[in-house]
Amino acid sequence: MYMDHSATSPVDPEVFEAMKPYFVDNFGNASTLYSLGRDARKAMEAAREQVASLIGAKPEEVIFTSGGTESDNIAIKGTVYRLKNKGNHIITSAIEHPAVRETCKYLEKNGFEVTYLPVYEDGIVKISDLEDAITDKTILITIMHANNEIGTIQPIAEIGKIARENKIYFHTDAVQTVGKIPVNVEKMNVDMLSLSAHKVYGPKGIGALYVKKGVRLEPIIHGGGHEKGLRPGTENVSGIVGLGKACELAEKNLLEDTKYITNLRDKLIDGILNSIEQSYLDGHRTKRLPNNVNLRFTGIEGESLVLHLDSKGVAASTGSACSSKSLEPSHVLIALGLEHVEAHGSLRLTLGKENTEEEVDYVITAVKEVVETLRKLSPLWCEIPGAERRE
Ligand SMILES: Cc1ncc(COP(=O)(O)O)c(C=O)c1O
Ligand code: FES
(Lines give C-alpha, C1' and ligand atoms only; values in the text may rest on other atoms or scores of the structure.)
(Ligands and ions follow the chains in the order given, each with its own letter.)
Protein backbone atom coordinates (compact mmCIF):
# COMPACT_ATOMS: atom_id res chain seq x y z
CA MET A 1 0.00 0.00 0.00
CA TYR A 2 1.13 3.46 -0.89
CA MET A 3 1.99 5.73 2.05
CA ASP A 4 4.37 8.18 0.43
CA HIS A 5 2.00 10.87 -0.82
CA SER A 6 4.41 13.67 0.05
CA ALA A 7 6.80 12.23 -2.53
CA THR A 8 4.09 12.10 -5.17
CA SER A 9 0.47 11.07 -5.57
CA PRO A 10 -1.42 8.97 -8.11
CA VAL A 11 -3.21 10.91 -10.84
CA ASP A 12 -6.93 11.03 -10.06
CA PRO A 13 -8.88 9.24 -12.83
CA GLU A 14 -11.02 12.38 -13.30
CA VAL A 15 -7.84 14.40 -13.82
CA PHE A 16 -6.59 11.86 -16.35
CA GLU A 17 -9.89 11.97 -18.24
CA ALA A 18 -9.76 15.76 -18.38
CA MET A 19 -6.21 15.66 -19.79
CA LYS A 20 -6.73 12.98 -22.43
CA PRO A 21 -8.23 15.11 -25.25
CA TYR A 22 -5.22 17.43 -25.17
CA PHE A 23 -2.71 14.85 -26.37
CA VAL A 24 -4.05 13.51 -29.66
CA ASP A 25 -7.12 15.48 -30.76
CA ASN A 26 -6.83 18.95 -29.26
CA PHE A 27 -3.08 19.14 -29.62
CA GLY A 28 -2.90 22.76 -30.79
CA ASN A 29 -0.22 25.20 -29.74
CA ALA A 30 -1.94 27.64 -27.39
CA SER A 31 -0.13 30.58 -28.98
CA THR A 32 -1.58 30.07 -32.47
CA LEU A 33 -4.50 31.95 -34.00
CA TYR A 34 -6.59 29.19 -35.63
CA SER A 35 -9.34 27.43 -33.69
CA LEU A 36 -7.23 24.42 -32.63
CA GLY A 37 -4.83 26.79 -30.90
CA ARG A 38 -7.62 28.94 -29.54
CA ASP A 39 -9.24 25.85 -27.99
CA ALA A 40 -5.99 25.00 -26.24
CA ARG A 41 -5.72 28.59 -24.98
CA LYS A 42 -9.29 28.45 -23.69
CA ALA A 43 -8.59 25.22 -21.79
CA MET A 44 -5.46 26.76 -20.33
CA GLU A 45 -7.26 29.88 -19.18
CA ALA A 46 -10.01 27.77 -17.59
CA ALA A 47 -7.28 25.90 -15.69
CA ARG A 48 -5.76 29.22 -14.58
CA GLU A 49 -9.12 30.08 -13.04
CA GLN A 50 -9.31 26.73 -11.26
CA VAL A 51 -5.84 27.18 -9.76
CA ALA A 52 -6.56 30.79 -8.79
CA SER A 53 -9.83 29.81 -7.14
CA LEU A 54 -8.17 27.20 -4.91
CA ILE A 55 -5.64 29.71 -3.54
CA GLY A 56 -7.80 32.84 -3.45
CA ALA A 57 -5.87 34.59 -6.24
CA LYS A 58 -6.88 36.33 -9.47
CA PRO A 59 -6.30 34.23 -12.61
CA GLU A 60 -3.85 36.80 -14.03
CA GLU A 61 -1.68 36.29 -10.94
CA VAL A 62 -1.05 32.62 -11.81
CA ILE A 63 1.99 31.65 -13.92
CA PHE A 64 2.28 28.05 -15.13
CA THR A 65 5.66 26.42 -14.59
CA SER A 66 7.12 22.92 -14.76
CA GLY A 67 6.55 22.35 -11.01
CA GLY A 68 7.57 23.33 -7.52
CA THR A 69 11.30 23.47 -8.16
CA GLU A 70 10.96 25.84 -11.09
CA SER A 71 8.41 28.03 -9.29
CA ASP A 72 10.79 28.38 -6.33
CA ASN A 73 13.70 29.29 -8.61
CA ILE A 74 11.70 31.87 -10.59
CA ALA A 75 10.37 33.48 -7.40
CA ILE A 76 13.66 33.63 -5.50
CA LYS A 77 16.13 34.44 -8.27
CA GLY A 78 13.58 36.65 -10.02
CA THR A 79 13.19 38.77 -6.88
CA VAL A 80 16.81 39.08 -5.85
CA TYR A 81 18.13 39.73 -9.36
CA ARG A 82 15.58 42.51 -9.73
CA LEU A 83 16.33 44.06 -6.35
CA LYS A 84 20.08 43.50 -6.17
CA ASN A 85 20.78 47.23 -6.21
CA LYS A 86 18.59 47.66 -3.15
CA GLY A 87 20.14 44.95 -0.97
CA ASN A 88 21.65 41.49 -0.95
CA HIS A 89 20.13 39.78 2.09
CA ILE A 90 17.71 36.85 2.00
CA ILE A 91 15.98 35.24 4.99
CA THR A 92 14.87 31.63 4.82
CA SER A 93 14.44 28.74 7.26
CA ALA A 94 16.83 25.91 8.11
CA ILE A 95 14.35 23.27 6.92
CA GLU A 96 13.50 24.30 3.36
CA HIS A 97 13.14 21.83 0.52
CA PRO A 98 16.29 21.62 -1.65
CA ALA A 99 14.46 23.64 -4.34
CA VAL A 100 14.73 26.66 -2.00
CA ARG A 101 17.76 25.66 0.05
CA GLU A 102 20.05 24.94 -2.89
CA THR A 103 18.86 28.09 -4.68
CA CYS A 104 19.86 30.08 -1.59
CA LYS A 105 23.22 28.27 -1.38
CA TYR A 106 23.85 29.09 -5.05
CA LEU A 107 23.01 32.75 -4.43
CA GLU A 108 25.39 32.80 -1.45
CA LYS A 109 28.18 31.87 -3.86
CA ASN A 110 27.15 34.80 -6.02
CA GLY A 111 27.28 37.72 -3.65
CA PHE A 112 24.06 37.34 -1.67
CA GLU A 113 23.88 36.78 2.07
CA VAL A 114 21.43 34.29 3.52
CA THR A 115 20.11 33.88 7.07
CA TYR A 116 18.77 30.39 7.82
CA LEU A 117 16.30 30.79 10.70
CA PRO A 118 16.42 27.96 13.25
CA VAL A 119 13.28 25.94 13.96
CA TYR A 120 13.87 24.39 17.39
CA GLU A 121 12.38 21.13 18.62
CA ASP A 122 8.88 21.59 17.26
CA GLY A 123 10.07 22.46 13.75
CA ILE A 124 8.59 25.95 13.70
CA VAL A 125 10.35 29.29 13.18
CA LYS A 126 10.10 31.97 15.85
CA ILE A 127 8.70 35.32 14.81
CA SER A 128 11.15 37.11 17.13
CA ASP A 129 14.07 35.44 15.29
CA LEU A 130 12.66 36.69 12.00
CA GLU A 131 12.33 40.22 13.33
CA ASP A 132 15.90 40.12 14.64
CA ALA A 133 17.23 38.88 11.30
CA ILE A 134 15.78 41.71 9.19
CA THR A 135 18.29 44.37 8.11
CA ASP A 136 18.05 47.32 5.73
CA LYS A 137 19.63 45.04 3.12
CA THR A 138 16.91 42.35 3.34
CA ILE A 139 15.13 42.01 -0.01
CA LEU A 140 13.40 38.64 0.28
CA ILE A 141 11.93 36.32 2.89
CA THR A 142 11.27 32.78 1.66
CA ILE A 143 9.80 30.37 4.18
CA MET A 144 7.89 27.22 3.33
CA HIS A 145 4.25 26.78 4.33
CA ALA A 146 4.61 23.16 5.48
CA ASN A 147 7.67 20.98 5.58
CA ASN A 148 7.82 17.98 3.28
CA GLU A 149 9.55 15.71 5.83
CA ILE A 150 8.08 16.51 9.22
CA GLY A 151 4.89 18.22 8.06
CA THR A 152 5.13 21.21 10.41
CA ILE A 153 3.11 24.24 9.38
CA GLN A 154 4.73 27.67 9.70
CA PRO A 155 2.89 30.84 10.84
CA ILE A 156 2.82 32.20 7.29
CA ALA A 157 0.24 34.97 7.80
CA GLU A 158 2.28 36.42 10.68
CA ILE A 159 5.52 36.18 8.73
CA GLY A 160 3.80 37.86 5.78
CA LYS A 161 2.56 40.68 8.00
CA ILE A 162 6.09 41.39 9.17
CA ALA A 163 7.38 41.25 5.60
CA ARG A 164 4.71 43.80 4.56
CA GLU A 165 5.48 46.12 7.48
CA ASN A 166 9.13 46.08 6.47
CA LYS A 167 8.38 46.33 2.72
CA ILE A 168 10.18 43.06 2.01
CA TYR A 169 8.97 40.59 -0.61
CA PHE A 170 7.69 37.32 0.81
CA HIS A 171 7.64 33.99 -1.01
CA THR A 172 6.32 30.73 0.38
CA ASP A 173 6.78 27.22 -0.96
CA ALA A 174 3.29 25.78 -0.52
CA VAL A 175 3.92 22.62 -2.55
CA GLN A 176 2.96 20.43 0.42
CA THR A 177 -0.06 22.43 1.56
CA VAL A 178 -2.05 23.41 -1.53
CA GLY A 179 -4.99 21.02 -1.73
CA LYS A 180 -4.30 19.63 1.77
CA ILE A 181 -5.12 22.57 4.03
CA PRO A 182 -6.78 25.90 3.22
CA VAL A 183 -4.42 28.21 1.33
CA ASN A 184 -5.42 31.80 0.68
CA VAL A 185 -2.80 34.18 -0.67
CA GLU A 186 -4.61 37.25 0.65
CA LYS A 187 -5.03 35.95 4.19
CA MET A 188 -1.46 34.63 4.20
CA ASN A 189 -0.01 38.02 3.14
CA VAL A 190 2.24 36.43 0.52
CA ASP A 191 3.67 38.04 -2.62
CA MET A 192 4.63 34.76 -4.27
CA LEU A 193 3.58 31.16 -3.69
CA SER A 194 4.78 27.94 -5.32
CA LEU A 195 2.62 24.89 -5.95
CA SER A 196 2.95 21.61 -7.82
CA ALA A 197 0.32 19.34 -9.40
CA HIS A 198 1.80 15.94 -8.60
CA LYS A 199 1.35 16.35 -4.85
CA VAL A 200 -2.42 16.79 -5.27
CA TYR A 201 -3.42 13.93 -7.58
CA GLY A 202 -2.32 15.81 -10.69
CA PRO A 203 0.41 14.97 -13.21
CA LYS A 204 4.17 15.38 -12.65
CA GLY A 205 6.12 18.15 -14.33
CA ILE A 206 3.53 20.91 -14.02
CA GLY A 207 2.97 23.53 -11.36
CA ALA A 208 2.34 27.20 -10.85
CA LEU A 209 3.72 30.30 -9.25
CA TYR A 210 1.38 32.88 -7.80
CA VAL A 211 2.80 36.38 -8.28
CA LYS A 212 0.81 39.13 -6.61
CA LYS A 213 -0.35 41.90 -8.93
CA GLY A 214 2.28 44.65 -8.94
CA VAL A 215 5.19 42.37 -7.94
CA ARG A 216 7.78 42.45 -10.71
CA LEU A 217 10.34 39.72 -11.21
CA GLU A 218 13.44 39.50 -13.36
CA PRO A 219 13.00 36.56 -15.77
CA ILE A 220 15.51 33.78 -15.20
CA ILE A 221 14.64 31.89 -18.41
CA HIS A 222 14.58 33.72 -21.73
CA GLY A 223 12.61 32.84 -24.82
CA GLY A 224 9.31 33.45 -26.53
CA GLY A 225 7.60 35.52 -23.87
CA HIS A 226 4.97 33.02 -22.69
CA GLU A 227 3.50 33.38 -19.19
CA LYS A 228 4.27 37.12 -19.06
CA GLY A 229 7.86 36.40 -20.04
CA LEU A 230 8.50 34.63 -16.74
CA ARG A 231 8.24 31.11 -18.08
CA PRO A 232 8.76 31.11 -21.83
CA GLY A 233 8.31 27.89 -23.77
CA THR A 234 5.35 26.23 -25.52
CA GLU A 235 2.78 25.59 -22.86
CA ASN A 236 2.21 22.06 -21.53
CA VAL A 237 -1.52 22.26 -22.26
CA SER A 238 -2.49 18.73 -21.14
CA GLY A 239 -0.47 19.17 -17.94
CA ILE A 240 -2.03 22.56 -17.29
CA VAL A 241 -5.52 21.10 -17.80
CA GLY A 242 -4.59 18.31 -15.35
CA LEU A 243 -3.32 20.82 -12.78
CA GLY A 244 -6.55 22.81 -13.13
CA LYS A 245 -8.74 19.75 -12.69
CA ALA A 246 -6.68 18.59 -9.68
CA CYS A 247 -7.17 22.01 -8.09
CA GLU A 248 -10.90 21.96 -8.80
CA LEU A 249 -11.25 18.54 -7.14
CA ALA A 250 -9.06 19.57 -4.21
CA GLU A 251 -11.21 22.65 -3.62
CA LYS A 252 -14.42 20.63 -3.76
CA ASN A 253 -13.22 17.86 -1.42
CA LEU A 254 -10.79 19.72 0.84
CA LEU A 255 -12.70 19.74 4.12
CA GLU A 256 -14.00 16.20 3.83
CA ASP A 257 -10.64 14.74 2.73
CA THR A 258 -8.75 16.64 5.43
CA LYS A 259 -11.03 15.33 8.16
CA TYR A 260 -10.78 11.76 6.89
CA ILE A 261 -6.99 11.84 6.49
CA THR A 262 -6.33 13.58 9.83
CA ASN A 263 -8.24 10.78 11.52
CA LEU A 264 -6.07 8.15 9.79
CA ARG A 265 -2.94 10.10 10.70
CA ASP A 266 -3.78 10.22 14.39
CA LYS A 267 -4.66 6.54 14.43
CA LEU A 268 -1.33 5.72 12.81
CA ILE A 269 0.68 7.93 15.16
CA ASP A 270 -1.00 6.62 18.32
CA GLY A 271 -0.94 3.02 17.11
CA ILE A 272 2.80 3.06 16.51
CA LEU A 273 3.84 5.14 19.53
CA ASN A 274 1.72 2.98 21.85
CA SER A 275 2.95 -0.35 20.54
CA ILE A 276 6.68 0.24 19.99
CA GLU A 277 9.01 1.18 22.82
CA GLN A 278 11.50 4.00 22.22
CA SER A 279 9.55 5.38 19.29
CA TYR A 280 9.12 9.14 18.89
CA LEU A 281 7.14 11.54 16.74
CA ASP A 282 9.14 14.31 15.05
CA GLY A 283 7.63 17.73 14.39
CA HIS A 284 4.71 19.42 16.12
CA ARG A 285 1.86 17.12 17.26
CA THR A 286 -0.96 19.27 15.87
CA LYS A 287 0.57 22.05 13.76
CA ARG A 288 1.37 19.48 11.09
CA LEU A 289 -0.01 18.41 7.73
CA PRO A 290 -3.13 16.25 8.03
CA ASN A 291 -1.34 13.44 6.17
CA ASN A 292 2.14 13.50 7.74
CA VAL A 293 3.53 10.95 10.17
CA ASN A 294 7.27 11.16 10.89
CA LEU A 295 8.61 8.76 13.46
CA ARG A 296 11.94 7.70 14.82
CA PHE A 297 12.98 4.44 16.45
CA THR A 298 16.05 4.13 18.66
CA GLY A 299 18.60 1.64 17.38
CA ILE A 300 17.07 1.36 13.89
CA GLU A 301 18.38 2.53 10.54
CA GLY A 302 15.73 4.28 8.44
CA GLU A 303 16.78 2.77 5.13
CA SER A 304 16.60 -0.82 6.43
CA LEU A 305 13.18 -0.01 7.82
CA VAL A 306 11.98 1.28 4.46
CA LEU A 307 13.35 -1.75 2.59
CA HIS A 308 11.80 -4.22 5.03
CA LEU A 309 8.47 -2.39 4.84
CA ASP A 310 8.68 -2.54 1.06
CA SER A 311 8.95 -6.32 1.28
CA LYS A 312 5.69 -6.24 3.25
CA GLY A 313 4.07 -4.17 0.50
CA VAL A 314 4.30 -0.77 2.22
CA ALA A 315 5.80 2.20 0.30
CA ALA A 316 7.26 4.75 2.75
CA SER A 317 10.33 6.95 2.99
CA THR A 318 13.09 8.00 5.37
CA GLY A 319 15.16 11.06 6.14
CA SER A 320 18.27 9.07 6.94
CA ALA A 321 20.90 8.68 4.33
CA CYS A 322 23.62 6.22 5.21
CA SER A 323 23.99 4.93 1.70
CA SER A 324 23.40 8.19 -0.14
CA LYS A 325 26.31 10.19 -1.50
CA SER A 326 26.26 12.79 1.26
CA LEU A 327 26.31 10.30 4.16
CA GLU A 328 24.43 12.98 6.03
CA PRO A 329 21.03 12.49 7.59
CA SER A 330 18.34 14.99 6.67
CA HIS A 331 19.13 18.65 7.38
CA VAL A 332 15.53 18.93 8.58
CA LEU A 333 15.96 16.36 11.37
CA ILE A 334 19.30 17.87 12.36
CA ALA A 335 17.62 21.32 12.51
CA LEU A 336 15.21 19.88 15.10
CA GLY A 337 18.26 19.41 17.32
CA LEU A 338 18.54 15.65 16.84
CA GLU A 339 21.89 13.89 16.96
CA HIS A 340 23.01 12.06 13.84
CA VAL A 341 22.37 8.71 15.51
CA GLU A 342 18.80 9.75 16.37
CA ALA A 343 18.03 11.15 12.91
CA HIS A 344 19.30 7.82 11.57
CA GLY A 345 16.09 5.94 12.45
CA SER A 346 13.45 8.10 10.80
CA LEU A 347 10.39 6.87 8.94
CA ARG A 348 7.99 9.09 7.00
CA LEU A 349 4.51 7.80 6.23
CA THR A 350 2.35 10.24 4.28
CA LEU A 351 -1.28 9.37 3.76
CA GLY A 352 -3.66 9.99 0.90
CA LYS A 353 -7.38 9.96 0.27
CA GLU A 354 -7.34 6.37 -1.03
CA ASN A 355 -5.78 4.96 2.18
CA THR A 356 -8.13 3.11 4.54
CA GLU A 357 -8.36 2.29 8.26
CA GLU A 358 -7.54 -1.36 7.45
CA GLU A 359 -4.35 -0.23 5.72
CA VAL A 360 -3.42 1.84 8.74
CA ASP A 361 -3.93 -1.20 10.99
CA TYR A 362 -1.79 -3.30 8.67
CA VAL A 363 1.00 -0.69 8.66
CA ILE A 364 1.01 -0.40 12.47
CA THR A 365 1.55 -4.17 12.71
CA ALA A 366 4.09 -4.20 9.88
CA VAL A 367 6.18 -1.41 11.42
CA LYS A 368 6.11 -3.13 14.81
CA GLU A 369 7.26 -6.43 13.31
CA VAL A 370 10.04 -4.83 11.26
CA VAL A 371 11.33 -2.74 14.18
CA GLU A 372 11.39 -5.83 16.42
CA THR A 373 13.18 -7.89 13.79
CA LEU A 374 15.80 -5.21 13.15
CA ARG A 375 16.39 -4.64 16.85
CA LYS A 376 16.90 -8.36 17.39
CA LEU A 377 19.55 -8.31 14.68
CA SER A 378 21.27 -5.23 16.06
CA PRO A 379 24.20 -5.93 18.36
CA LEU A 380 23.83 -2.41 19.73
CA TRP A 381 20.17 -2.50 20.70
CA CYS A 382 20.61 -4.42 23.98
CA GLU A 383 23.24 -1.90 25.10
CA ILE A 384 20.91 1.08 24.69
CA PRO A 385 19.76 2.37 28.10
CA GLY A 386 16.14 1.43 28.75
CA ALA A 387 15.98 -1.03 25.87
CA GLU A 388 14.03 -4.15 26.63
CA ARG A 389 16.40 -7.08 26.39
CA ARG A 390 15.33 -9.72 23.94
CA GLU A 391 16.90 -13.17 23.81
C1 LIG B 1 8.16 21.49 -0.20
C2 LIG B 1 8.50 21.12 -1.61
N3 LIG B 1 8.97 22.06 -2.45
C4 LIG B 1 9.28 21.79 -3.72
C5 LIG B 1 9.15 20.53 -4.22
C6 LIG B 1 9.52 20.27 -5.64
O7 LIG B 1 8.40 20.18 -6.46
P8 LIG B 1 8.50 19.52 -7.91
O9 LIG B 1 8.74 18.07 -7.70
O10 LIG B 1 7.19 19.80 -8.55
O11 LIG B 1 9.63 20.21 -8.61
C12 LIG B 1 8.68 19.50 -3.40
C13 LIG B 1 8.56 18.12 -3.90
O14 LIG B 1 9.19 17.21 -3.42
C15 LIG B 1 8.35 19.81 -2.05
O16 LIG B 1 7.91 18.87 -1.21
S1 FES C 1 24.51 6.70 9.09
FE2 FES C 1 22.34 6.52 8.85
S3 FES C 1 21.69 8.53 8.58
FE4 FES C 1 23.82 8.70 8.64
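Contact here means that heavy atoms lie within 4.5 Å of each other, a cut-off applied below to a predicted model.

**Exercise 1.** Describe how domain 1 and domain 2 are placed relative to each other, and characterise the area buried between domain 1 and domain 2.

*Solution.* Begin with the bounds: the domain assignment gives domain 1 as residues 13–250 and domain 2 as residues 253–381. Next, take the centres over C-alpha atoms, which for these two domains are separated by 28 Å. Applying the contact cut-off then shows 27 residues of domain 1 in contact with 24 residues of domain 2. The size of an interface is often given as the accessible area lost when the parts come together. For this pair of domains the buried area is about 2,100 Å², and carbon and sulfur atoms give 60% of it. On the side of domain 1, the residues that lose the most area to domain 2 are E149, I150 and Y201, which together supply 32% of what that side buries.

**Exercise 2.** Work out which residues surround ligand 1 and which polar side-chain atoms approach the ligand.

*Solution.* First, count the shell: 13 residues are around ligand 1, and T69, D173, Q176, S196 and K199 come nearest. Sorted by class, this shell holds 8 polar, 3 charged and 2 nonpolar residues, while helix α3 (residues 68–82) contributes the largest share, 3 residues. Then examine individual atom pairs: a polar side-chain atom of D173 is 2.6 Å from a nitrogen atom of ligand 1, whereas Q176 places a polar side-chain atom 2.8 Å from an oxygen atom of the ligand. For H198, a side-chain N or O atom lies 2.9 Å from an oxygen atom of ligand 1. Finally, consider burial: ligand 1 taken alone exposes 390 Å², of which the protein buries 85%.

Note on methods:
Residues are numbered from 1 along each chain as its sequence is written. Chains are lettered from A and ligands numbered from 1 in the order in which they are written. This is a predicted model: local features need pLDDT of at least 70, side-chain atom pairs count only at pLDDT 80 or more; totals for chains, interfaces and linings use all residues. Side-chain values use heavy atoms; hydrogens and water are left out. A residue is near a molecule or strand if one of its heavy atoms lies within 4 Å of it. A polar contact is a pair of N or O atoms within 3.5 Å; within protein, one must be able to donate a hydrogen and the other to accept it, and residues adjacent in sequence count only if both atoms are side-chain atoms. Accessible areas come from the Shrake-Rupley method with a 1.4 Å probe; for residues, only the protein chains shown count as cover. Helices (H or I, at least four residues) and strands (E, at least two) are DSSP runs, numbered from the N terminus. Ala, Val, Leu, Ile, Met, Phe, Trp, Tyr, Cys and Pro count as nonpolar, Asp, Glu, Lys and Arg as charged, and the others, Gly among them, as polar. Domain bounds come from an automatic or database domain assignment. Buried area is the accessible area (1.4 Å probe) that two parts lose on being put together, summed over both.
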